[in-house]
Amino acid sequence: MAVTDVLFPVVGLVSVYLYFTRRRGLELPKPPGPKPLPLVGNIFNLPTQQLWLTVTDWSKIYGKIIYANVFGLGLVFLNTAEACSDLLDKRGSIYSDKPHLVMCGELCGCENMVAFTRYGDQMRRQRKLMQRAFGPTTISKYHSLLEMEAPWFLKRLLENPNDYTTPVKRYAGGVTLLVTYGYQVKSDDDAFLQLADHCVDLLANKIASGVGIWPVDIFPVLRHLPEWAPGSGFLKKARAWRTKMEEFVDRPYEFVKESMLKGTALPSFCSTLIEEGEAKDTQGDFDLRWTANSMYSASIDTTLALVLQFFLAMSEHPEAMTKAQKEIDAVVGLDRLPAFDDRKNLPYVEALFNECIRYGVAVPLSLPHRLMEDDIYEGTFIPKGTLVFANIWNILRDEAVFGDPHLFRPERYLEPVDDEMAKRRDPKNYTFGFGRRVCPGRHLAQASAWILMASFLATMNISKAVDANGKQIEQAIKYENAVFRMPSGLNIDIKPRSERAVGIIDGLTYGQ
Ligand code: HEM
């Protein structure tokens with residue numbers, strides 16, 4: 001038999017095999033983006049602060065989808081609501097993974113937190129638990145609790161109006177500890193609150209700062225460095241941070257179990273699910289423990305960013321604040337705080353709330369989703385493993401939907417539009433992310449932020465601080481946090497609106 005007799009069929013078979021197994025779309029270009037350098041890619045194009053502004057500038061050159069890379073790791077930025085919906089919503093089955101982060105996930109032990117879990121059964125189980133606790137129909141169960149907590153925020157603010165950050169954190173943390181673990185925070189130096197504060201700070205500003213990518217995530221072999229080797233400091237840090245994170249997960253959960261045994265447990269997310277048998281086996285117990293913790297971790301900085309944006313907006317736009325206050329005075333009266341039952345009768349307050357969400361953009365690039373398979377979108381090739389970011393900042397500044405998007409203008413939501421536009425211009429449809437990883441705490445977050453803002457407007461005034469000559473001090477706002485749009489450098493003055501307002505706040509009796 002001639003060699004060619006064997007060779008031709010083999011070559012033929014190999015060609016057919018290669019044709020069917022070759023990566024679909026490899027011949028297509030990747031989405032456009034800034035030109036990368038060899039090896040390091042676009043690392044020098046990506047600022048550590050306010051990346052969303054850079055990406056938005058790029059969108060004017062490259063369009064709705066942008067590709068960049070860092071040491072070969074693909075990053076895609078989706079700049080329009082349509083692109084986010086096309087990929088993150090409609091192709092959710094391949095766009096809902098999370099990156100395997102060696103430092104954050106493996107070494108610091110955060111891989112079981114909902115925001116970091118890989119796409120699959122564990123993610124589904126955990127999100128289902130959250131859906132049960134915080135779905136749109138169950139959320140009204142927490143209304144009375146939120147109505148009781150909001151006044152305590154005002155009381156703390158009244159006691160120390162210069163420190164407005166602590167009461168907000170205490171409110172967000174207190175609400176989540178109460179709802180999740182049935183734990184009532186009694187003071188600012190409460191042990192759980194401090195532990196949580198420390199760990200949330202660790203997570204946002206150390207472990208997962210930026211997009212959570214450390215050199216060891218790009219070169220996993222670094223994890224085997226001996227601890228004495230130069231450049232291995234991250235290993236020592238990871239060990240210490242892991243211990244702290246585990247304590248943060250275990251201590252409040254053990255508190256629930258102990259109080260259930262003693263018969264002193266308040267009804268909560270954990271106690272209800274434990275009673276329903278969700279924690280009867282090791283896996284259920286593990287899921288519940290980590291899901292509960294994920295809620296706490298995810299609620300503090302997000303809520304704080306939104307409320308600080310509200311303070312900033314009110315200090316810059318007193319006319320909007322006054323208009324909302326007049327509406328509250330007319331609907332609620334001057335002798336009590338607003339309640340959820342009043343919400344439907346307070347359209348301007350609702351519009352102001354929406355505008356704070358839109359204008360503030362608490363998480364401007366959302367959290368990254370990892371693409372699980374090669375994909376093709378509008379003639380471009382997106383490789384498997386790419387991290388995909390929704391540019392919520394740009395979506396909420398879309399001129400076609402929010403005319404004059406750079407103006408703070410609550411009135412825009414009161415202008416009549418058809419149903420389709422009403423849906424498109426609702427910032428709540430974007431600010432909580434997209435697809436199968438959309439924020440599971442969004443209904444709780446909206447309710448807790450609304451009651452806090454409405455209660456604040458009913459009783460407090462905010463203005464820019466003035467200097468010794470009575471001249472307003474301009475605010476030099478900075479955004480240093482890489483993930484959350486958290487303003488710092490506010491120069492504001494918070495005062496009660498009237499003696500009557502002080503009276504309402506002072507008249508509180510709910511346990512401190
Ligand atoms: C103003 C407040 C909040 C904002 C703006 C916000 C926004 C977001 C965004 C943008 C994401 C990423 C979604 C995505 O990947 O597409 C997210 C994820 C998440 N949020 Fe929120 N959030 C807020 C409050 C909360 C609260 C109060 C909780 C818990 C009670 C919570 C729990 C979570 C969790 C667990 C995730 C991860 C979900 C996953 O990866 O599957 N969030 N949030």
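**Ligand shell, core and helix packing**

Helix 12 provides the largest share of the shell around the ligand, seven residues. The model is predicted. In total, 29 residues surround the ligand. The closest are A298, T302, G433, C439 and G441. Helix 12 is one of three helices that each supply at least two shell residues; the others are helix 5 (121-134) and helix 17. By class, the shell divides into 17 nonpolar, ten polar and two charged residues.

The largest nonpolar core has 140 residues. Within this core, V76 and L78 touch the most other members. Helix 12, spanning residues 282-316, also contributes here: its 17 residues are the largest share of the core.

Two helix pairs were examined. Packed helices are described by the angle between their axes and the distance between the axes. Helix 12 and helix 14 (residues 347-360) cross at roughly 105°, and their axes come within 9 Å. An angle from 65 to 115 degrees counts as roughly perpendicular, so helix 12 and helix 14 fall in that class. On the helix 12 side, the contact involves A305, L306, Q309, F310 and A313. These residues meet C356, I357, Y359 and G360 in helix 14. Seven residues of this contact are nonpolar and two are polar; none is charged.

The second pair joins helix 13 (residues 318-332) to helix 17 (residues 442-459). The axes lie 9 Å apart, at an angle of about 90°. Helix 13 and helix 17 are therefore also roughly perpendicular to each other. Helix 13 contributes M321, A324, Q325, I328 and V332 to the contact. Helix 17 contributes A454, L457 and A458. Seven of the contact residues are nonpolar, one is polar and none is charged.

R436 lies in the loop between helix 16 (419-424) and helix 17. R436 counts as partly exposed because 17 C-beta neighbours lie inside 10 Å. Apart from neighbours within four places in sequence, R436 is in contact with G92 and S96. The C-alpha atoms of R436 and F44 are separated by 32 Å. Along the chain, these two residues are 392 residues apart.

Key
Residues are numbered from 1 along each chain as its sequence is written. This is a predicted model: local features need pLDDT of at least 70, side-chain atom pairs count only at pLDDT 80 or more; totals for chains, interfaces and linings use all residues. A nonpolar core is a set of buried Ala, Val, Leu, Ile, Met, Phe, Trp, Tyr and Cys residues joined through C-beta atoms within 7 Å. A residue is buried if 20 or more other C-beta atoms lie within 10 Å of its own, exposed if 12 or fewer, and partly exposed in between; C-beta atoms are placed from the backbone. Helices (H or I, at least four residues) and strands (E, at least two) are DSSP runs, numbered from the N terminus. Axes are lines fitted to C-alpha atoms, for helices over the stretch in contact, and angles run from 0 to 180 degrees between N-to-C directions. Angles under 35 degrees count as roughly parallel, over 145 as roughly antiparallel, 65 to 115 as roughly perpendicular and the rest as oblique. Two residues are in contact if their C-beta atoms, placed from the backbone, lie within 7 Å. Ala, Val, Leu, Ile, Met, Phe, Trp, Tyr, Cys and Pro count as nonpolar, Asp, Glu, Lys and Arg as charged, and the others, Gly among them, as polar. A residue is near a molecule or strand if its C-beta atom, placed from the backbone, lies within 6 Å of it.
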